[in-house]
Amino acid sequence: MNAPLDRGANVVATAARHADDVDRNGRFPIEAFQALKDARLLSLLIPIEFGGGGAPLSDVAEICTSLGQQCASTAMIFAMHQIKVSSLIAHGRGSAWHESFMRRVADEQLLLGSATTEGGVGGNMRNSICAFERDGATFRIAKEGALISYGAYSDAILITARRSADAPPSDQLMAVLEKSQYRLDRTGGWDALGMRGTCSEGFTFSGEAPIEQIFTHDFAEIASESMLATAHLLWSAVWYGVASDALSRAQSFVRKDARRHPNGPAPGALRLAEATSKLQLMRSNIVEGLKRFAKAQQNADDLNSMSFAVAMNNIKIGSSQLSIEIINHALLIAGIAGYKNDTPFSVGRHMRDALSAQVMISNDRIFTNLSNLLLAQRIDQRLGD
Amino acid sequence: MLDTIRRLVDEQGRLAVAAETIGDNADLYATGLTSFAAVQLMLALEETFDVEFPDRMLNRRSFSSIASIAGCLHELKEAA
Ligand SMILES: Cc1cc2nc3c(=O)[nH]c(=O)nc-3n(C[C@H](O)[C@H](O)[C@H](O)COP(=O)(O)OP(=O)(O)OC[C@H]3O[C@@H](n4cnc5c(N)ncnc54)[C@H](O)[C@@H]3O)c2cc1C
């Protein structure tokens, strides 16, 4: 018996009940998040000594997948929150403020948002325009054109900026600001194709807080040691959930069809076989990535190596592409029953939600980074490790 | 060797300051070295010193300062 996953079952049922309404109205999944807080799942990753669940990332990924099967928006918000928590755990240790904040995240089940990207640099989160402007024991920060998922519903936001007004764009730090310490001025709505419940509205963020709330580690370290890996792995876990639900709908269609036509398989049956092989690829990719990350965490040089960065980026590329191929197959299998929104075989929302995968940090941007890294990194020609 | 490394850092590093003003142990990333520029720098080092950086050296630490780059090059030259 797996306790966190059991507690997750109730949350998943709640998310499922409200998923259509969340999607249709592009509203925050309040009910699912209340259930997540009640089950104390927002602090699942936080070490037990700080009041959390002390669970491994693979448990979080499993819940992302289960939620993704029912409500991708809930799953994505849960994933994004845990990515922020992972940075807090990996890089807040040893800092009195961050340790006590971690304890509060657990006690009060605080929801953490993220403002890493910025107007003018797009999905290149390793560059900032805005800067931390220090004034005695406090700092001020203003970030324009920030797309902040569930920004209006976050209890705190982790935000990146240049170290100071005279630092180069890549010399970044990250800080935690609590709701009472910042102001969000909405600059754009979120009437998007999919992931509508994430309420990823555009904001101008302006805040002021004590300097101790800035992480002491460089953001470059945070990015490569906790964010890059957890983001690509947990996002992929969400997309796996979306794709696997689409395919299981297509399978029900094929089975139903086979019962009615016992004398030969429906034309879609072959595509089902093809799509399951893609689903298996997607799953192996993520599972292997979770293992690779767990291993790299034992060795700082490996965690900061090019080969690790290449591997994590490839997981994102692979699962974002495969999810769409799989959902498209599910659509071809079920035909009109899949295309319509009101049948048990409908995969419209799956498709719309999964399309976010290739623009959420643009795949083209990732490919460009990868092609640069591959000027240095060698192709791994071994099967084992 | 340190002078040659500094010249290549100037040519490839795209830093905000001249390499001659950067101490041997100063953090190159804090002066604006990006992972993109680090790869360009690595290629130039390989060409100039006629070495190949193995995978185990392709991490953030190896390119974090002029001294750490020199350390890698010494190790590679000795092994050759
Ligand atoms: C559901 C969702 C939730 C999000 N939530 C958050 C959040 O909470 N916090 C946050 O900070 N951000 C969030 N983002 C934003 C995200 O991090 C990126 O900012 C965004 O997805 C990339 O935006 P873009 O396509 O406009 O920019 P860009 O990455 O600049 O891409 C624009 C276009 O230019 C092309 N392009 C740009 N650069 C290159 C390059 N180097 N090589 C090749 N092509 C290139 C791309 O292919 C693309 O077509 C979210 C995004 C999504 C989809």
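Guide: A search of the whole structure turns up 3 cavities of 30 Å³ or more. A cavity here is a set of points, on a 1 Å grid over the protein atoms alone, where a 1.4 Å probe fits but cannot get out. Grid points are joined across faces, edges and corners, and a volume is the space filled by probe spheres set on the points. Keep in mind that this is a predicted model: local features need pLDDT of at least 70, side-chain atom pairs count only at pLDDT 80 or more, and totals for chains, interfaces and linings use all residues. Residues are numbered from 1 along each chain as its sequence is written, chains are lettered from A and ligands numbered from 1 in the order in which they are written, and side-chain values use heavy atoms, with hydrogens and water left out.

Visitor: What volume does the largest cavity have?

Guide: About 50 Å³.

Visitor: And which residues line the largest cavity?

Guide: Lining residues have an atom within 4 Å of a point. Among them are Arg126(A) and Asp218(A), along with Tyr29(B) and Arg60(B). By class, that lining has 4 nonpolar, 2 polar and 5 charged residues. Ala, Val, Leu, Ile, Met, Phe, Trp, Tyr, Cys and Pro count as nonpolar, Asp, Glu, Lys and Arg as charged, and the others, Gly among them, as polar.

Visitor: Switching to the interface, how many residues does each chain bring to the contact?

Guide: Chain B brings 22 residues and chain A 15, with contact meaning heavy atoms within 4.5 Å.

Visitor: What area is buried between chain B and chain A?

Guide: About 1,500 Å², with carbon and sulfur atoms giving 53%. Buried area is the accessible area (1.4 Å probe) that two parts lose on being put together, summed over both. Val39(B), Leu58(B) and Arg60(B) supply 35% of what chain B buries against chain A, more than any other three residues. Arg60(B) is also in the lining of the largest cavity.

Visitor: How many salt bridges are there between chain B and chain A?

Guide: There are 2, a salt bridge being a side-chain nitrogen of Lys or Arg within 4 Å of a carboxyl oxygen of Asp or Glu. Glu52(B) and Arg378(A) meet in a salt bridge, at 3.3 Å from N to O. On chain B, the side touching chain A has 10 nonpolar, 6 polar and 6 charged residues.

Visitor: Back to cavities: what lines the second largest cavity?

Guide: Its lining includes Cys71(A), Val242(A) and His350(A), and the space is about 40 Å³. The lining residues divide into 3 nonpolar, 4 polar and 2 charged.

Methods:
On a 1 Å grid over the protein atoms alone, a cavity is a set of points where a 1.4 Å probe fits but cannot get out, and a pocket is an open set with protein on both sides within 12 Å along at least five of seven lines; lining residues have an atom within 4 Å of a point.
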